[in-house]
Amino acid sequence: MSIENIRSALDGILNDWSGVESVPVAWENFASTTVLATPFVAPFLLPAETGNAGISISDNQDYTGIYQISVYTEKGKGTKASRDVVSSLLEAYSRGVTVDIPVSNGVQRLLIESSWTASAIDSEAWYNVPVSVRYRLFG
């Protein structure tokens, strides 16, 4: 298992969500064009230190971390647009959601443990609400 497999699984949820909700995604380190009047999201993977599930070298690893999705809406237009996007994201990444990741000997299951929002961050043009998603995978 690798962090890239985990990123791909979490990005897959966001990609599917984006298609249904018609909210553009500004993928990390890819050029994107944003339009001030159109909300968009930007994901970032923040892996925690990988833990050992046992004491043997061959024991499973415990992968945990935060998948943060920044929700950007136009500043000065109220919070309704951002609340709608945040609410939909919290549902897509709700506690108990799982993603099966194919591996050579079957599948491993990524689990969403919880998701929450933090206080908004103002910039010159954007109102940014961070959504944090805690994940775990034993692999």
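This note goes through the predicted model point by point, from the overall fold to the details of single residues.

1. Overall layout. The protein chain of this predicted model has two helices and seven strands, and read along the sequence these follow the pattern α-β-β-β-α-β-β-β-β. Taken along the principal axes, the C-alpha atoms fill a box of roughly 55 × 25 × 25 Å. Among contacts between residues at least 6 apart in sequence, 58% join residues at least 24 apart.

2. Surface and burial. Of the 139 residues in the protein chain, 35% are buried. The accessible surface of the protein chain comes to about 8000 Å², and carbon and sulfur atoms account for 50% of that area.

3. Helix H2. This helix runs over residues 80–92, 13 residues in number, and spans 19 Å from its first C-alpha to its last, which is close to the 18 Å expected at 1.5 Å a residue. Its buried residues are Ser82, Val85, Val86, Ser88 and Leu89. They lie on the same side of H2 because they cover an arc of only 165° around the axis. An α-helix has 3.6 residues a turn, so residues three or four places apart point the same way. On the other side of H2, Lys80, Arg83 and Glu91 are exposed.

4. What covers H2. The cover over the buried residues of H2 includes helix H1 (3–21) together with strands E1 (40–47), E3 (61–74), E5 (106–117) and E7 (126–138).

5. The largest nonpolar core. This core holds 28 residues, of which Leu10, Leu14, Val41, Leu89, Tyr93 and Leu110 touch the most other members. Two or more residues are given to this core by each of H1, E1, E3, H2, strand E4 (98–103), E5 and E7. Apart from it lies another core, made of five residues, among them Ala26, Phe40, Ala42 and Trp126.

6. Val41 as an example. If neighbours within four places in sequence are left aside, the contacts of Val41 include Leu14, Trp17, Ile69 and Val71, and Val85 and Leu89, which are also among the contacts of Val41, are buried residues of H2. Other contacts of Val41 include Val23, Pro24, Val25, Ala26 and Ser70.

7. Salt bridges, and the Arg7 pair. The structure holds six salt bridges. In one of them Glu28 pairs with Arg7, with the closest N and O atoms 3.3 Å apart. The two residues are 21 residues apart and link distant parts of the chain, Glu28 being in the loop between H1 and E1 and Arg7 in helix H1. Glu28 counts as partly exposed because its relative accessibility is 40%, and Arg7, at 23% relative accessibility, also counts as partly exposed.

8. The pairs around Arg136. Which residues form salt bridges with Arg136? Asp62 is one partner, with the closest N and O atoms 2.9 Å apart, and this pair joins strand E3 to strand E7 across 74 residues. Asp62 is buried, with a relative accessible area of 15%, whereas Arg136 is partly exposed, with a relative accessible area of 25%. Glu113 is another partner of Arg136, the closest N and O atoms being 2.8 Å apart, and here strand E7 is linked with strand E5 through residues 23 apart. Glu113 counts as partly exposed, since its relative accessibility is 21%. Elsewhere, salt bridges that share partners join Glu4, Arg7 and Glu28 into one network.

9. Positive phi values. Two residues deserve a look in the viewer. Ser22 has a positive phi of about 55° although it is not a glycine, and its place is in the loop between H1 and E1. Asn29 is likewise a residue other than glycine with a positive phi, near 60°, and Asn29 too is found in the loop between H1 and E1. Are these residues buried or exposed? Ser22 counts as exposed because its relative accessibility is 62%, and Asn29, at 80% relative accessibility, counts as exposed as well.

Technical notes. Residues are numbered from 1 along each chain as its sequence is written. This is a predicted model: local features need pLDDT of at least 70, side-chain atom pairs count only at pLDDT 80 or more; totals for chains, interfaces and linings use all residues. Side-chain values use heavy atoms; hydrogens and water are left out. Helices (H or I, at least four residues) and strands (E, at least two) are DSSP runs, numbered from the N terminus. The expected span of a helix is 1.5 Å times one less than its number of residues. Buried means under 20% relative accessible area, exposed over 50%, partly exposed in between (1.4 Å probe, protein chains only). The arc is that of the directions from the helix axis to the C-beta atoms. Contact means heavy atoms within 4.5 Å. A nonpolar core is a set of buried Ala, Val, Leu, Ile, Met, Phe, Trp, Tyr and Cys residues joined through side-chain atoms within 4.5 Å. Accessible areas come from the Shrake-Rupley method with a 1.4 Å probe; for residues, only the protein chains shown count as cover. A salt bridge is a side-chain nitrogen of Lys or Arg within 4 Å of a carboxyl oxygen of Asp or Glu.
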